[in-house]
Amino acid sequence: MLGPVILAASRSDRMRRLISAAPVTKQVVDRFIPGETVADIVPVIQDLTGKGLELTMDVVGEDITTPEQATAARDAYLELTGRLADLGLGRKVEMSVKLSMFGQSLDGGHELALKNMRSVVEAAAAIGTTVTLDAEDHTTLDSMFAIHEELRTDFPQTGCVIQAYLFRTEADARRLAASGSRVRLVKGAYKEPAEVAYQQKHEIDKAYVRILRTLMDGTGYPMIGSHDPRLISIAQELARKAGRKPDEYEFQMLYGIRSEEHLRLAAEGHRMRVYTAYGTDWYGYFMRRLAEKPANLRFFARSMITKG
């Protein structure tokens, strides 16, 4: 399986330098990350929302080693929030945050990440939108869920992400579904050991459907993070059986992947949200996109051969 190899490369400084220096890399990266600054991304936001799509914005970057870097990451999200307010798009565009960017792994990182998150969640609420806490590797999740629970005391609309490949997730889903949370379900994109996660695709897919059924039958708001046509069809059927209206769940897909499907689902009346990343520290995000789907890797390899 190439996925684990690519994920290992995502943590290699040597591979980072090699791939970043390749002449064709930026052209390929632009497929997934359409800008480096807020100014770059505004036309993309306007274009997608103008087509009836909603967005969740991710400022990429995870290698935070100082509190000052964590503060700078927080400020980048506050800048984005201000621009969304200027555009009047707060109700169509939410934000996604990895707590590692906000200092979670530093000494005292839990409290630091909570403090930084609270500032962003407050700013988001002021313009009528919200924030979803992205899931990272399994060692960070207890802290993430604790921060999520704390933030929901004052901002109950705050969302979180759960990953189908982890054994713990079915229990997490039951707890979150009962509490009325906004929950994005994804398959998972980190290299996890067999002691904590399913390793085979068919096992992950079956777990995804079980967890999605729990979310659809619960009192929360499910967000289906998948590009898999079969899982999308299953999600529609589970929503129908649960008696959910079209505005009581949504689909989410990554910018640059199956863009025609984004428009098709929106045209059918579904809420369709595009996960759109921007920023200069794109390497880790980009490598996980390659690891998630062989087609993405083939796309990159062809580009390296034909344009390099």
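Which residues in H5 meet which residues in H6? Pro67, Ala70, Thr71, Arg74, Tyr77, Leu78 and Thr81 in H5 meet Leu112, Asn116, Ser119, Val120, Ala123 and Ala124 in H6, where contact means heavy atoms within 4.5 Å. The residues of this contact of H5 with H6 divide into 8 nonpolar, 4 polar and 1 charged, with Ala, Val, Leu, Ile, Met, Phe, Trp, Tyr, Cys and Pro counted as nonpolar, Asp, Glu, Lys and Arg as charged, and the others, Gly among them, as polar.

The model is predicted, and local features need pLDDT of at least 70, side-chain atom pairs count only at pLDDT 80 or more, and totals for chains, interfaces and linings use all residues. Residues are numbered from 1 along each chain as its sequence is written, and side-chain values use heavy atoms, with hydrogens and water left out.

The secondary structure of the chain comes to 13 helices and 8 strands, these being DSSP runs numbered from the N terminus (helices are H or I with at least four residues, strands are E with at least two). Of the 308 residues in the chain, 53% are buried, where buried means under 20% relative accessible area, exposed over 50%, and partly exposed in between, with a 1.4 Å probe and protein chains only. The accessible surface of the chain is about 13700 Å², and carbon and sulfur atoms hold 53% of that surface; the areas come from the Shrake-Rupley method with a 1.4 Å probe. Among the contacts in the chain with a separation of 6 or more, 73% join residues 24 or more positions apart.

To return to the opening pair, the axes of H5 and helix H6 (residues 109-126) come within 9 Å and cross at roughly 10 degrees, each axis being a line fitted to C-alpha atoms, for helices over the stretch in contact, with angles running from 0 to 180 degrees between N-to-C directions. That angle makes H5 roughly parallel to H6, given that angles under 35 degrees count as roughly parallel, over 145 as roughly antiparallel, 65 to 115 as roughly perpendicular and the rest as oblique. Leu112, which is found in helix H6, counts as buried because its relative accessibility is 18%. Leaving aside its neighbours within four places in sequence, Leu112 is in contact with Pro67, Ala70, Phe102, Gly103 and Leu106, and the C-alpha atoms of Leu112 and Pro67, which lie 45 residues apart along the chain, are separated by 7.9 Å.

Helix H5 (residues 67-87) also packs with helix H4 (residues 38-50), their axes coming within 11 Å and crossing at roughly 40 degrees, and H4 and H5 are therefore oblique to each other. Val38, Ala39, Val42, Ile45 and Gln46 of H4 make this contact with Glu79, Leu80, Arg83, Leu84 and Leu87 of H5, a set with 7 nonpolar, 1 polar and 2 charged residues.

Most residues other than glycine have a negative phi, whereas Arg258, although not a glycine, has a positive phi of about 55 degrees. Arg258 counts as partly exposed because its relative accessibility is 28%.
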